[in-house]
Amino acid sequence: MLYFSCDYAEGCHPKVLEALTNTNMLSTPGYGEDEFCDSAKEKIKKAINCPDADIYFLVGGTQTNQTVIDSMLSNYDGVVAAATGHVAVHEAGAIEYSGHKVITLPGHAGKIDALELRQMLVDHYADESAEHMVNPGMVYISYPTEYGTLYSKAELEAISSICNEYQIPLFIDGARLAYGLAAAEDVTLSDIAKLSDVFYIGGTKVGALFGEAIVFTKNNTPKHMITQIKQHGALLAKGRLLGIQFDTLFTDGLYMKMGEHAVACANSIRATLREKGYQLYMDNPTNQIFVVMDNKELEKLSKELTYGFWEKYDATHTVIRIATSWATSDAAVEGLKKIL
């Protein structure tokens, strides 16, 4: 069976596992107050060209999104996101559970449009009943988006400028950040740090056993952040396990190399899909591939391939997701091409 259903099916990169094994019997302080977390933070600051960044390690993506949004917003604030955005669709209502409405904008291939964002804010504050409505207190986007698409640097600059104008933070979800940057034409990790107020570096989907790194870039860390992380169930007592992983991921460019590998595998599969006449549901350059499949053919493929269900296309076709990752082997890619 070929496994292409997601990009977090395997454990962790061998170098991460080696580092965890080699340090297994060491005794260190808990909750991230250890030398490995300190080292990882310094490496991340250097990689993002932001020496004053404030960094925290959390256990998973949902906890990270919820913690960032809840800690930065007032109780009357909501977060603006694409209707297809992860916090609006696939977080099981975690954001609303913390008391914050997700205010949706149309998604254009997974992205929000800067002009539509501005118009929404203009309309909100021009409404005489604005004080009786949920206040748009933050803008959330993901890089790459849930459809594997990417914002250009100009698009990010436009959204960031509007957020600055209205004095609301821009939060970039980087669960698959390495895969997005590997496919980007004009966006770098430094750009992500410069144009956002807070973002996170995904580890779970990019070579770590688990864990994400929140990065506050504008001296804007909420008060009592460790306390708030703990309240949201995202603080790991054995915090050094996260520090060791991110310290390894940001040694010798490993994080970006993993992203490049996944994207190269995806591009190879895309080329074969096009050659064989398959319909791509959406054109994107990252590690996620969305394909429109005939249901009868899909039934046959299911005997040899695991994939991610995305949505029904029509009565006889289904959109599936094929995802590559840091761990995708050349043999798996060739095997997929063969059964296609």
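I take axes as lines fitted to C-alpha atoms, for helices over the stretch in contact, with angles running from 0 to 180 degrees between N-to-C directions. Helices (H or I, at least four residues) and strands (E, at least two) are DSSP runs numbered from the N terminus.

The model is predicted, and local features need pLDDT of at least 70, side-chain atom pairs pLDDT 80 or more, while totals for chains, interfaces and linings use all residues. Residues are numbered from 1 along each chain as its sequence is written, and side-chain values use heavy atoms, without hydrogens and water.

Entry 1, helix pair. I looked up α6 (residues 114-126) and α7 (residues 153-166): their axes come within 9 Å and cross at roughly 20°. That makes α6 roughly parallel to α7 (angles under 35 degrees). I then listed the contacts (heavy atoms within 4.5 Å). From α6, A114, L117, R118, L121, V122 and Y125 meet A158, I159, I162, E165 and Y166 of α7.

I found T149 in the loop between β5 (135-142) and α7. T149 is buried, at 6% relative accessible area (buried is under 20%, exposed over 50%, partly exposed in between; 1.4 Å probe, protein chains only). Beyond its neighbours within four places in sequence, T149 is in contact with A109, G110, K111, P144, M282, D283 and N284.

I placed P285 in the loop between β9 (279-280) and β10 (288-294). P285 is partly exposed, with a relative accessible area of 32%. Its C-alpha atom is separated by 7.5 Å from that of V263, 22 residues apart along the chain. Leaving aside neighbours within four places in sequence, the contacts of P285 include V263, N267 and R270.

Key
Angles under 35 degrees count as roughly parallel, over 145 as roughly antiparallel, 65 to 115 as roughly perpendicular and the rest as oblique.
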